[in-house]
Amino acid sequence: MSGNDTDGNPIRFSRRAFIRTFVHLDKRVKAAPSKREFEKLKNAGRVKVIAFTKNHTAGEIDQLIVSHFPTLVGRDLSR
C-alpha cells in the first residue's frame with residue numbers, strides 16, 4: 001500500500017517500514033467505517049498512510065501521527 005504526495009508521485013517507503021493507514025474518527029464506533037463513510041473521511045483528509053520502523057520509539061510514532069493529524073496536538077495517544 002502506498003500513498004501519493006502532492007505532486008502525484010507515489011511515496012516510496014523503506015522495505016523495512018511498517019506502513020499503516022490511520023483514520024481519525026470523531027467518535028468511537030462499534031465497527032469499521034463502511035466504504036462510503038471511509039471515502040468521506042478520506043476526502044476530508046482524515047485518512048493518512050503513515051510509515052514507521054521498529055527503530056521508532058513510541059514518542060516518535062506519536063509525533064508522526066500528530067504531524068499528520070494536527071487536531072491531535074496535546075491529546076494523550078497512549079490508548
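**View 1. The largest pocket has a volume of about 620 Å³.** This is a predicted model, in which local features need pLDDT of at least 70 and side-chain atom pairs count only at pLDDT 80 or more, while totals for chains, interfaces and linings use all residues. Residues are numbered from 1 along each chain as its sequence is written, and side-chain values use heavy atoms, with hydrogens and water left out. A pocket here is an open set of points on a 1 Å grid over the protein atoms alone, where a 1.4 Å probe fits, with protein on both sides within 12 Å along at least five of seven lines. Its volume is the space filled by probe spheres set on the points, which are joined across faces, edges and corners.

**View 2. Here are the 17 residues that line the largest pocket.** Lining residues have an atom within 4 Å of a point. Nearest the centre of the pocket you'll find Val23, His24, Leu25, Leu72 and Leu77. Strand E1 (18–23) and helix H2 (58–68) each give at least two residues to the lining. Sorted by class, the lining has eight charged, seven nonpolar and two polar residues. For that sorting, Asp, Glu, Lys and Arg are charged, Ala, Val, Leu, Ile, Met, Phe, Trp, Tyr, Cys and Pro are nonpolar, and the others, Gly among them, are polar.

**View 3. His24 sits in the loop between E1 and helix H1 (35–43).** His24 is buried because its relative accessible area is 13%; buried means under 20%, exposed over 50%, and partly exposed in between (1.4 Å probe, protein chains only). Leaving aside residues up to four places away in sequence, His24 touches Leu41, Arg46, Phe69, Thr71 and Leu72. Touching means contact, that is, heavy atoms within 4.5 Å.

**View 4. Arg46 and Asp26 form a salt bridge.** A search of the whole structure turns up one such bridge, defined as a side-chain nitrogen of Lys or Arg within 4 Å of a carboxyl oxygen of Asp or Glu. The closest N and O atoms of Arg46 and Asp26 are 2.6 Å apart. Arg46 lies in the loop between H1 and E2 and Asp26 in the loop between E1 and H1, so the pair ties together parts 20 residues apart in sequence. Arg46 is buried at 19% relative accessible area, whereas Asp26 is exposed at 71%. Beyond residues up to four places away in sequence, Arg46 also has Phe22, Val23, His24, Leu25, Leu41 and Phe69 among the residues it touches.

**View 5. Phe18 and Phe52 make up the one aromatic pair found in the whole structure.** Rings of Phe, Tyr and Trp (its six-membered ring) pair if their centres lie within 6.5 Å; planes under 30 degrees apart count as stacked, over 60 as edge-to-face and the rest as tilted. These two ring centres are 5.9 Å apart with planes at 35°, so the pair is tilted. The pair links distant parts of the chain, with Phe18 in strand E1 and Phe52 in strand E2 (residues 47–52), 34 residues apart. Phe18 is partly exposed at 35% relative accessible area, while Phe52 is buried at 15%. Lys54, in the loop between E2 and H2, is 36 residues from Phe18 in sequence, but their C-alpha atoms are 7.8 Å apart.

**View 6. The chain's elements run β-α-β-α from the N terminus on.** That comes to two helices and two strands. Helices (H or I, at least four residues) and strands (E, at least two) are DSSP runs, numbered from the N terminus. Of the 79 residues, 16% count as buried.
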